[in-house]
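Here are a few notes to read alongside the model.

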Amino acid sequence: MSDYAQTVFPMLVAIAFYAPLERFLKKYTPDTIQLFFVPMMGILIMVPLTALIFGPFSQYLSQAIANGLVSLLALSSVLTGVVFAAVWPFLVVLGVHWGITPIQLDNLARGGDPLNAMAAGATFAQMGIAFGIFLRYRKNKDLSSLSLAGTVSGIVAGVTEPILYGFILRYRRLIPILIVSSAVGGGLVGLFGAEMYSYAFNSVLTIPAYGPIPQYVFSVAVSFVVGTVLTFIFGLGKEADATIATESSNGGTNETAEEVEAEAEANDKEELVEGTQIDIASPLDGELIPLSAVEDEVFSSEAMGQGDAIIPTDGKLVAPFDGKIASVFPTKHAIGLTDENGIELLIHIGMDTVQLEGKHFTNHVEKGQMIKQGDALITFDVAAIKEAGYSVVSPVIVTNTNDFKQVASEKSRHVTPGDKIMTVVK
């Protein structure tokens with residue numbers, strides 16, 4: 001029996017199948033029951049498939065990798081070291097590396113295991129990469145502290161997950177560096193015939209578990225040095241380098257940083273379709289975030305419509321356009337607006353704040369009242385709402401989204417009343 005607790009491979013396969021299933025269910029499920037019916041059917045279908053098909057498939061894949069490795073080891077120990085060390089970190093990520101453990105234990109029972117010694121090439125390569133990041137980005141407080149901590153945890157305990165997940169999978173430029181530096185160390189281990197004689201994680205403190213020690217130390221040291229040097233030379237990429245340049249200039253203009261910011265802004269901005277464009281201004285002062293980041297699934301799933309959300313820094317809600325008050329909730333935590341283009345806008349102040357029953361809110365308008373952009377609608381006490389245990393994240397939603405061609409959100413940033421937060425295309 002296996003619970004697949006040490007692998008993400010079944011999850012990756014399951015999600016690949018679930019994605020089209022979810023789209024199919026959403027397409028043919030009425031909106032009124034979609035919120036609960038789609039995930040319910042997804043669970044009923046996917047859990048048995050994952051347990052009976054996708055999970056066992058990962059076990060078979062692990063066994064196939066193990067069998068291939070045994071055949072490769074019989075062919076050439078150097079080639080095995082190169083290949084095994086190069087792919088080892090990715091086997092760990094997928095969780096299929098556990099199929100190799102029985103072979104390692106069997107090798108230990110016969111006197112010594114070369115496989116874990118070869119994997120040490122990948123382990124020390126990751127330590128070298130972390131140390132290279134520390135050397136190159138030592139002026140960046142976040143990168144230097146994280147990379148140094150990763151280096152120390154690897155050297156002392158052989159724990160490299162913070163390096164693998166925190167840096168290598170995040171910055172793709174490091175992946176070829178990891179492959180090269182791992183392969184070099186693994187190949188040297190295979191060349192010298194180094195082996196592990198008692199089961200241990202690969203670290204500096206466990207060096208006595210391997211032998212011959214001089215050859216083993218030389219091999220992993222080469223992996224470490226190659227990883228450090230290549231990382232120091234090539235870095236993490238333009239974005240990280242721009243951050244360092246900006247910090248070093250103490251606020252001065254830096255061309256690389258500007259290029260990165262322009263690229264990020266271009267990627268963040270949604271391309272508009274053809275039609276009449278209607279801009280909607282921010283009704284609040286605060287941080288603009290995507291609707292998908294809202295904790296409440298009723299909003300984040302866009303079941304009520306598309307839009308944005310704002311984390312307010314003060315408690316003044318103003319009119320985002322010229323129009324009319326369509327509705328004012330008795331609890332004063334939400335308000336509905338319409339404009340001359342037929343846009344129906346719902347502004348919901350905070351999450352679950354209906355339970356406050358109007359406390360900490362003051363309403364300044366009434367239903368049917370005509371309003372101008374910038375008019376005060378509702379004031380509220382941000383600090384008191386937070387102290388009461390409620391989130392102040394405030395969705396701004398076009399509830400009749402389907403009446404328009406597109407509702408395009410602006411990029412996340414700090415906004416003030418009057419700043420554009422979305423564009424509705426008619």
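Which residues does D113 touch, not counting residues up to four places away in sequence?

1. D113 touches Q104, N107, L108, E195 and M196, leaving out residues up to four places away in sequence; contact means heavy atoms within 4.5 Å. A word on the source: this is a predicted model, where local features need pLDDT of at least 70, side-chain atom pairs count only at pLDDT 80 or more, and totals for chains, interfaces and linings use all residues. Residues are numbered from 1 along each chain as its sequence is written, and side-chain values use heavy atoms, with hydrogens and water left out.

2. You will find D113 in the loop between α4 (101–109) and α5 (114–136). D113 is buried yet has no salt bridge (buried: under 20% relative accessible area, 1.4 Å probe, protein chains only; salt bridge: a side-chain nitrogen of Lys or Arg within 4 Å of a carboxyl oxygen of Asp or Glu). The nearest side chain of opposite charge, R110, is 9.9 Å away. The D113 side chain does reach the backbone nitrogen of L115, at 3.2 Å.

3. Now to S223, in helix α9 (residues 213–234). S223 is buried, with a relative accessible area of 0%. A polar atom of its side chain lies 3.2 Å from the backbone oxygen of G121. Beyond neighbours within four places in sequence, the contacts of S223 include F124, S181 and G186.

4. Finally, have a look at the open sheet of 3 strands, ordered β3-β16-β14 with antiparallel pairing. β3 (277–281) and β14 (406–409) stand at the edges with a single partner strand each, so one side of each has no neighbour in the sheet.

Note on methods:
Helix = DSSP H or I, 4+ residues; strand = E, 2+ residues; numbered from the N terminus. Buried < 20%, exposed > 50% of the residue type's maximum accessible area, 1.4 Å probe, protein only. Polar contact = N/O pair within 3.5 Å; in protein donor to acceptor, adjacent residues only side chain to side chain. Lys, Arg positive; Asp, Glu negative; His and termini not counted. Pairing = 2+ DSSP bridges.
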